[in-house]
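Trainee: Could you go through this structure with me, one piece at a time? I would like to learn how to read it.

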Amino acid sequence: MEEQQLFTRMHDALDVPTPPGAYERLRTQLTKKPVRQFRWPALQTRWSKMSFRFAAGLAIIAIVAAAAAAAVAIHNSTNNVAPAGPRMSILAYQTMVSNDNAAALSTYSGPCDIGVHSGCSADATRAIPVLQKWIDDLSRPDTPGRFVVINAEMRQHLSQSLAAQSDIIAAVKANNGPATDRAFIVAVFGADWTGTVVPGIVASKQVDATTYTRQVAQQVKQNSDSCANCTLLTSADAKSCTTNGGVPCLDLFDYVAFDFAVFSTTLVQYAAPDSLAAKDARLQNDLASADAVLLVMRLAVANNDQAGINSGITQLLRLKSQIVFDAAKITG
Amino acid sequence: MHGSLFSNTEAELIQAALRGDGSAFAELLRPHYQSAFRVAYGLLHDSTEAEDAVQEAAFKAWRQLGNLREGSSLRPWFLAIVANQCRGTSQSKWWSVAKGHFADGETESVDIAAAVDLRRALLRLSHDERLIVVLRYYLDMPFEEIGTTLGITPKAARNRVERAVHRLRPIVQIQGAAV
C-alpha cells in the first residue's frame, strides 16, 4: 500500500466533524469541576542539609528494614510448589517484556515482505540476538503467577520466529525466493502475536469478579463463540490455500489466530480475582493448547500443506468447544 | 508547528490552571481539541465514546499538569493521555463496524465499502499499532512528533509505522477482495 494512498484512505474512512458543541461541553465540565493537582512529592527546600541527611539516613534504614521483612515473609510463604527463589515482581516482568518487545520491533527496518526480500537478511541478522535474549528472559523460573501460561506461549512463538530468522538468512543467501517467503510467513507470526499480547501484559491488573466475568463473556461473544473466521478457514479448499503462495489462506489464518490471541490477552490484561483463579487457569490452558495448534498450522500455511491445515482446523474446533465450555463455567 | 516552547500566554494559562482555574485549562486545550478528538475517534470509531474519552483525558491531564516539564510541548503530552484513556475500551469491536455503523456526517461521496474495510482492518490491529497508524496517517504527524507522543525515538516511530502498515496491508487486501 502506497504511503499517499494510505493517507487518503485514512482520511476517507475516518474524517468526521467534531460533534457540535463538544469543546464547549468540555469547557463547561472543566469549569464546573476543579480538580486536585497531582504532583510527585517534591523535596521541601526549606530543609537544611543536615536535616536532609538525617531524613535520608532514616529512609535508608526504613528501606533496609522493609527489604529484610519482605525477604522473611517470602521465605516463610514459600512452599514446595513454588520455584526456588521469590517470584519476579509483576512490574519487573512487565518492564522486561516491554523492553524486549521494543528491542525486537527496532530490528525491523525492511523492506522485507512476501515477494520483497532486499532487507530481509539484515533484519533477520539483527533480530536473532534480540529474540534470543527475549527467550532467555522468558526462561527465568520466577515468572509471576498470572503470566506463567502466556509466558510459555510467548516463548514458543519467539522460538519459532527465531528459527525462521535463520531460515530467512539461509534462503536469501541461496537466492531462493519461495523459501524466503515461507520463512518470512513463519517469522512474522511471532511478531504479530507479541504485538497483540504485549500491550495486554503491560496493562495487566487484577480485577474484581464482575469485571473479569464481563470480559470473558465479551470475548466469547465477540470472538470465539461465533468463530466466523474458523468457519471461513474450514471452508477454504485446497485451491484457495495454495493459490498465490498461500496468501489468501494466510489472511484467513491471521484472522483466526488474532481472535485467539485477543482472548488470551484479555485474560492477562484483566487478571482473574483469586476466587476465579482455578477456572481462569483451565481457560488459559485451553487457549494455550489452541495457540500451540496455531503454531503448527502456521507452518502448514507457509508450506501450503493443506492436510496440515485441515488437521489443525479439526483440533482447533474441538478446542474452541472446550474454551466455550470453560468460559461458560465462569460466566454461569 | 504545535508550540514546542511555552508562549507567555500558555505559561500564564498553565499557572492559572495549576491554581485550579478550569477555564484557563480549557483555553490551553482549545487548539488541541480537534487533534485529541481525532486520535480518540481513530482508536474508538465512535463519536460519543471519543468525546467522552477526550473529556476523561482532559481531567487526567489537568490533575497531572504539574508534571509537564517546562519547555515540553503540550500537544503530544495531551495526546498520549488521550490515547491511554482509549486503551482497553477499543479492543475487539470490529464486529460492530462490520455491521455497517457509520459516523454522523459521513458523506455519500465516500467509498463506504472501502471505508468500512479500513476501519475493520484498523480494529484488527493492536491498540499500539492502531494508535501509530492514526497518528501518522490521520493526524499527518511527522515521525519526530510521533516519537515525542509515544516516548520513543523518531527511528523507532518509523519502524513501528512500517510494522503496523505491514500488518494492515494483507487485511485490507483480503477485505477489498471480498467486496
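Mentor: This is a predicted model, and we can begin with Asp140(B), which is partly exposed, with a relative accessible area of 42%.

Trainee: Where in chain B is Asp140(B) found?

Mentor: Asp140(B) sits in the loop that runs between helix H8 (127–138) and helix H9 (143–150) of chain B. Its phi is near 55°, which is a positive value in a residue other than glycine.

Trainee: And what about His45(B), is that one buried or exposed?

Mentor: His45(B) is buried, and its relative accessible area is 12%. Although His45(B) is not a glycine, it has a positive phi of about 60°, and its place is the loop between helix H3 (33–44) and helix H4 (47–63) of chain B.

Trainee: How many helices and strands does chain B have?

Mentor: Chain B has 10 helices and 0 strands, so that reading along the sequence gives the pattern α-α-α-α-α-α-α-α-α-α. Of its 179 residues, 58% count as buried, and among the contacts in chain B between residues at least 6 apart in sequence, 65% join residues at least 24 apart.

Trainee: Can we look at a pair of helices? At what angle do H3(B) and H8(B) cross?

Mentor: They cross at roughly 135°, and their axes come within 9 Å. That angle makes H3(B) oblique to H8(B), and the crossing in which H3(B) passes H8(B) is right-handed.

Trainee: Which residues meet there?

Mentor: From H3(B) there are Arg38(B), Val39(B), Tyr41(B), Gly42(B) and Leu43(B), and these meet His127(B), Arg130(B), Leu131(B), Val134(B), Leu135(B) and Tyr138(B) in H8(B). Sorted by class, the contact of H3(B) with H8(B) has 7 nonpolar, 2 polar and 2 charged residues.

Trainee: Now the other pair: how far apart are the axes of H5(B) and H9(B)?

Mentor: The axes of helix H5 (residues 74–86) of chain B and H9(B) are 8 Å apart, and the two helices pack at an angle of about 55°. Because of that angle, H5(B) is oblique to H9(B), and H5(B) passes H9(B) in a right-handed crossing. On the H5(B) side the contact is made by Arg75(B), Pro76(B), Leu79(B) and Ala80(B), and on the H9(B) side by Glu145(B), Thr148(B) and Thr149(B). By class, this contact of H5(B) with H9(B) has 3 nonpolar, 2 polar and 2 charged residues.

Trainee: Changing topic, which residues of the largest nonpolar core touch the most other members?

Mentor: That core has 64 residues, and those touching the most other members are Met10(A), Leu30(A), Phe25(B), Val39(B), Phe78(B), Val82(B) and Val133(B). A second, separate core of 30 residues includes Phe260(A), Ala272(A), Leu276(A) and Leu283(A).

Trainee: What is Leu30(A) in contact with, leaving aside its neighbours within four places in sequence?

Mentor: With those neighbours left aside, Leu30(A) is in contact with Gly22(B), Phe25(B), Ala26(B), Leu29(B), Ala58(B), Phe59(B) and Trp62(B).

Trainee: One last thing, in chain A: where is Asp208(A)?

Mentor: Asp208(A) is placed in the loop between strand E1 (205–206) and helix H8 (209–224) of chain A, and at 46% relative accessibility it counts as partly exposed. The C-alpha atoms of Asp208(A) and Asp274(A) are separated by 9.0 Å, while the two residues are 66 residues apart along the chain.

Notes:
Residues are numbered from 1 along each chain as its sequence is written. Chains are lettered from A and ligands numbered from 1 in the order in which they are written. This is a predicted model: local features need pLDDT of at least 70, side-chain atom pairs count only at pLDDT 80 or more; totals for chains, interfaces and linings use all residues. Side-chain values use heavy atoms; hydrogens and water are left out. Helices (H or I, at least four residues) and strands (E, at least two) are DSSP runs, numbered from the N terminus. Buried means under 20% relative accessible area, exposed over 50%, partly exposed in between (1.4 Å probe, protein chains only). A nonpolar core is a set of buried Ala, Val, Leu, Ile, Met, Phe, Trp, Tyr and Cys residues joined through side-chain atoms within 4.5 Å. Contact means heavy atoms within 4.5 Å. Axes are lines fitted to C-alpha atoms, for helices over the stretch in contact, and angles run from 0 to 180 degrees between N-to-C directions. Angles under 35 degrees count as roughly parallel, over 145 as roughly antiparallel, 65 to 115 as roughly perpendicular and the rest as oblique. A crossing is left-handed if the near helix is turned anticlockwise from the far one by less than a right angle, and right-handed if clockwise. Ala, Val, Leu, Ile, Met, Phe, Trp, Tyr, Cys and Pro count as nonpolar, Asp, Glu, Lys and Arg as charged, and the others, Gly among them, as polar.
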